[in-house]
Amino acid sequence: MLRRTLNRWLGRDERRVDSRNICVGHRSSSNNEAFIPPKFCDNRIVSSKYTVWNFLPKNLFEQFRRIANFYFLIIFLVQVIVDTPTSPVTSGLPLFFVITVTAIKQGYEDWLRHKADNEVNKYPVTVLEQGRRVRKESEKIKVGDVLEVDEDETFPCDLILLQSSREDDTCFVTTASLDGESNHKTHYTVPDTEKDLESLNATIECEQPQPDLYKFVGRMHIYKADQEPAVRSLGPENLLLKGSTLKNTQTICGVAIYTGMETKMALNYQGKSQKRSAVEKSINAFLLVYLCILVSKALVCTTLKYVWQNKPGQDEPWYNEKTQREKDTNLYLKMFTDFLSFMVLFNFIIPVSMYVTVEMQKFLGSFFITWDKDFFDPEIKEGALVNTSDLNEELGQVEYVFTDKTGTLTQNNMEFIECCIDGFQYKYQDAGTDLDGFCVTDGPANKVQHKAGREKEELFLRALCLCHTVQVKESPEQGQGQRDGLMDHVDGLGVDGEGLHPPPQEQRGFIASSPDEVALVKGAMRYGFTFLGFESKTMKILTRDNDVERYELLHVLNFDPVRRRMSVIVRSKSGDTLLFCKGADSSIFPRVRQEEVERIRMNVERNATEGYRTLCVAYKYLNAEEYAQADAGLREARLALQDREEKLMAVYNQVETGMSLIGATAVEDRLQEEAAETMEALQGAGMKVWVLTGDKMETAKSTCYACRLFQRNTELLELTVRTLEDGGRRREERLHELLVEYHKKAVQDAPPVKAGVTRAWSSANHDYGFIIDGATLSMVLNSSSESNSSRYKNLFLQICQNCTSVLCCRMAPLQKAQIVKMVKNSKGSPITLSIGDGANDVSMILEAHVGIGIKGKEGRQAVRNSDYAIPKLKHLKKLLLAHGHLYYVRIAHLVQYFFYKNLCFILPQFLYQFFCGYSQQPLYDAAYLTMYNICFTSMPILAYSLLEQHICMEVLLDNATLYRGIAKNGMLRWGPFFYWTLLGVFHGLLFFFGVRYLFGNPALQDNGQVFGNWSYGTIVFTVLVFTVTLKLALDTRHWTWINHFVIWGSLAFYVFFSFFWGGIIWPFLKQQRLYFVFANMLSSVSAWLVIILLILLSLLPEILLVVFRKPRGPHAGQITPVTPLTYKHLKDRQ
């Protein structure tokens, strides 16, 4: 970043071009003698926020952005500079404590990030230098280095594949940590590269780094002696991305082209920003109100002081003559210093110690999440993890949940469930059952003998064994013996109705680009047809008769999201050329004979509604002429440099017509444990769930049905590349037309729904689900016209906000973050939460208000960058509905209580000025001023904010609707704030004037002596401490021994401290104001009476409310509002 900035300042950025040239192995070609390789960034990854050098200034800057911290810094400086009635220690000590505690906490959290970065940056890698293998740290890799990577290792940077240990010059990788897909993808070496990389002389010209994971354009110039340079095109199939893992390939060699923060994975990261909770924003707003109250008090006292002194004899009484210096002081300067002195005297109304308590509450409170036994997962033997404790209360305010699909909602573990052949259902049965096939679609009754016929069955199973891109991975110990043993456990589909017996375990390992392909191959294996793998271009399958059949693979027509199908063209031993095709029903049905469709359709629709992923299977015999035409068309299209995809698509569509439908399959992508229940609970709590996935639309859609995010009556509004192509018009025109149509349907024509009501309460209303893919989202967010882009974005957002659930498929990681940011910045600034388990989810986790990582199988990038990490999705329910709810209630009460007790504390001090000639005389002793917030009243509220359960956790989990009662920062709105402020004013007035009424009696002691001003202040302070502490005791619903200890212990400590402080002559004090004052005060029966009476009068309204309030609602036994206003809306909703 620094280098780029300097380059821009120095004007070096002008020569930045759209491509970069890289010398493989740093060897310049003979034709480019004068070529000087440019400098590229190193391979370090940085996710931390501070360094040793910037920690102090950066952290202090962030802390003093808080209003209270900055204010107390000013007050401290005023006390140091100006002669004020209180010591600078009273402000400086609490401020120093707050800053230190916060800095230590944030420094520790950043140290953990540094530690995680070092693990990545110091990871050892193998670099090939001058024919030698050199071990280096990952951070020392440079662009142009040739690296060697072994099986199951992760690529340390973005590489171009030069060499593979596999004979077919391919390698397999998993990109689970990038796009969430744990299936294997095939990558290819650059053709015609030297086997001996030491003698390879080549340069690579490629595009500058950009974040799209699926796009890459480049070319490689290979130089050979006395020959013209050979040019080979480079595409995504040659690029190995950082974060991917090498699988089923012993070793590969590749050249580094993008390193460090320029890799595609790093470019998809969002920069770290300081996340601030809604509670903190409320605190700042309340502080401004109290700051205004403080300034008003100081202005009133300063003004009245000079009004009073203007009266004759008041300015300079005989007992207090002014010094010459005081007489010479400028009047306006003296007024200003008096104003500052009053500000210092009343400054305790701003509770700086609240920040210490809040920090401690957040830090200690986070341990309850870590300690929760319900979050412990026996599989990985880990529990929950808290990376950022600053956002605990935000867990109770979530309005939008953005979740990844693969590995988060699902286990990414596809399983073959059943198939339908020629209209007859074949359900896979356990070994104990007698029947394996029965008819469910044709005929009035289930008849076992009505099967599809052996020929159709075998054709269908051959299609499953051949129409895929699966590779076989066999262990070295696996051999023919195992294969024969395997077949002993797999029986075929006999026409005689003989049962199917599954193998005890499918030991054969399969690798594929899609997990459902593996599921289909394993499904065929269960029914007696086993795919044995490739021999060169020949596919081998083992039939149920134990015959090995060989088919020559001629062409693969790859799957793509627009066609939604894939095909293979194979030639049998007898010379027949066949095309086998499998794909989505909407893609296959129009291309087969219509009389065949009706026999299959009912099965497909039934399976889809059950949440299974359905695929239809078709075939076609190609005569010599048809094949020759298809072969020529495919070869020509694959060599095209311009519009290659469009030309291939045209040939695919031409070949895949006039097919015969054989059957359909049903595959289940197993959901995570309790995924559907968790999603239902979140929606019941009033949250809107959006699924953001890099997966295909069909898979994601069936998952949404299985998770109950889409119901059977949900009308789906689809905005994808396929729907944009349907109209036959320009894409942008069609996009505008669809957005307007959907907006009218979902927003304009929709009946108004009451706030907080979800479909469970509004089943009569029409439910809409919205589906969009990555390509269409790019058009919405990045339209050619700026005005159009803004309009599209608004329409899109309004449609989504009126849908019960939203599915975004084929999303790049950065697009996920864009979606979250768009919702986060929408009207009302809703609180967002993102949850995922892979590196492809890091961007949205960092963008959302709260980021949650799942400790899944896809690496720990998401966990490292998250605010909270949980082992399973099901734990999200308790984290939000129980912990989040309680954290919010606790901290909201803590904040309101702090402002209340400080207003009670300072209001008598303000009123006292009216009776002491506005002389800035303190009502309380300096020890009381300092100790009030630090010792006497801090521990009870801290214990309350950690342990309180106004509703028990079981009830919160069983009744998700209770979460809505605290939604939208309900307890920190202005209504509850003004209630607490009025309560503080009432108590402050009662304390001051109640004690003043007592002092109307001239003889308070047995000897007839009267009490002085320090006795007056001590009585007020005693009533104050007891009242605010007992008020908290009345608010406590969940008593533990800790609550008892700190509440009664704080009161006992106050009494003990007062006796101790006033009972000894302290040599370091110039004046001892409280010497024997407390003991003397308690010798008066009148003082005892007024203290008890004032405490009872102050708490009487609270006691009456608790006694006479009738519990309402179904859970009245568990719900007891803390104050009349804070939970009024909660009670009304029940």
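## Briefing on salt bridges, aromatic pairs and strand pairing

Glu 399 is buried, with a relative accessible area of 16%, where buried stands for under 20% relative accessible area, exposed for over 50% and partly exposed for what lies in between, with a 1.4 Å probe and protein chains only. The model is predicted, and for that reason local features need pLDDT of at least 70 and side-chain atom pairs count only at pLDDT 80 or more, whereas totals for chains, interfaces and linings use all residues. Residues are numbered from 1 along each chain as its sequence is written, and side-chain values use heavy atoms, with hydrogens and water left out.

**Salt bridges**

- Side chains of opposite charge can pair when their charged atoms come close.
- The count comes to 38 salt bridges, a salt bridge being a side-chain nitrogen of Lys or Arg within 4 Å of a carboxyl oxygen of Asp or Glu.
- Glu 399 forms one of these with Lys 968, and the closest N and O atoms of the two are 2.9 Å apart.
- Because Glu 399 lies in the loop between strand 14 (385-386) and strand 15 (400-403), while Lys 968 lies in the loop between helix 30 (953-958) and helix 31, the pair ties together parts that are 569 residues apart in sequence; helices (H or I, at least four residues) and strands (E, at least two) are DSSP runs, numbered from the N terminus.
- Arg 462 is buried at a relative accessible area of 17%, and Glu 458 counts as buried at 13% relative accessibility.
- Lys 874 forms a salt bridge with Glu 673, with 3.0 Å between the closest N and O atoms.
- That pair links distant parts of the chain, 201 residues apart, since Lys 874 is in the loop between strand 34 (868-870) and helix 27 and Glu 673 is in the loop between strand 27 (660-671) and helix 18 (675-684).
- Lys 874 is partly exposed, with a relative accessible area of 23%, and Glu 673 counts as partly exposed at 40% relative accessibility.
- Salt bridges that share partners join Arg 454, Glu 457, Glu 458, Arg 462, Arg 544, Asp 545 and Glu 549 into one network.

**Aromatic rings**

- A search of the whole structure finds 42 aromatic pairs, for which the rings of Phe, Tyr and Trp (its six-membered ring) must have centres within 6.5 Å, with planes under 30 degrees apart counted as stacked, over 60 as edge-to-face and the rest as tilted.
- Phe 899 and Phe 977 form an edge-to-face pair, at 6.2 Å centre to centre and with 85° between the planes.
- The pair links distant parts of the chain, with Phe 899 in helix 27 (residues 875-912) and Phe 977 in helix 31 (residues 974-998), 78 residues apart, and both Phe 899 and Phe 977 are buried.
- Tyr 979 and Trp 980 form another edge-to-face pair, at 6.1 Å centre to centre and 75° between the planes, and both Tyr 979 and Trp 980 are buried.
- A cluster linked by ring pairs holds Phe 905, Tyr 924, Tyr 932, Phe 936, Phe 1021, Phe 1053, Tyr 1054 and Phe 1057.

**Charges over rings**

- Arg 571 lies over the face of Tyr 627, at 5.3 Å from the ring centre, the rule being that NZ of Lys or CZ of Arg is within 6 Å of the ring centre and within 35 degrees of the ring normal.
- Arg 890 likewise has its charged end over the ring of Tyr 887, 5.6 Å from the centre of that ring.

- Four strands form an open sheet in the order 1-8-9-10 with antiparallel pairing, where two strands pair if DSSP finds at least two bridges between them.
- Strand 1 (19-23) and strand 10 (230-234) are the edge strands, and each pairs on one side only.
- Strand 1 and strand 8 (residues 202-207) run antiparallel and are joined by five bridges, and Arg 20 stands opposite Cys 206 in strand 8.
- Strand 2 (residues 124-129) and strand 3 (residues 132-137) pair in the antiparallel sense over six bridges, and the bridge partner of Val 125 in strand 3 is Lys 136.
- The hairpin of strand 2 and strand 3 has two residues between the strands, and in this hairpin Gln 130 takes a positive phi near 50°.
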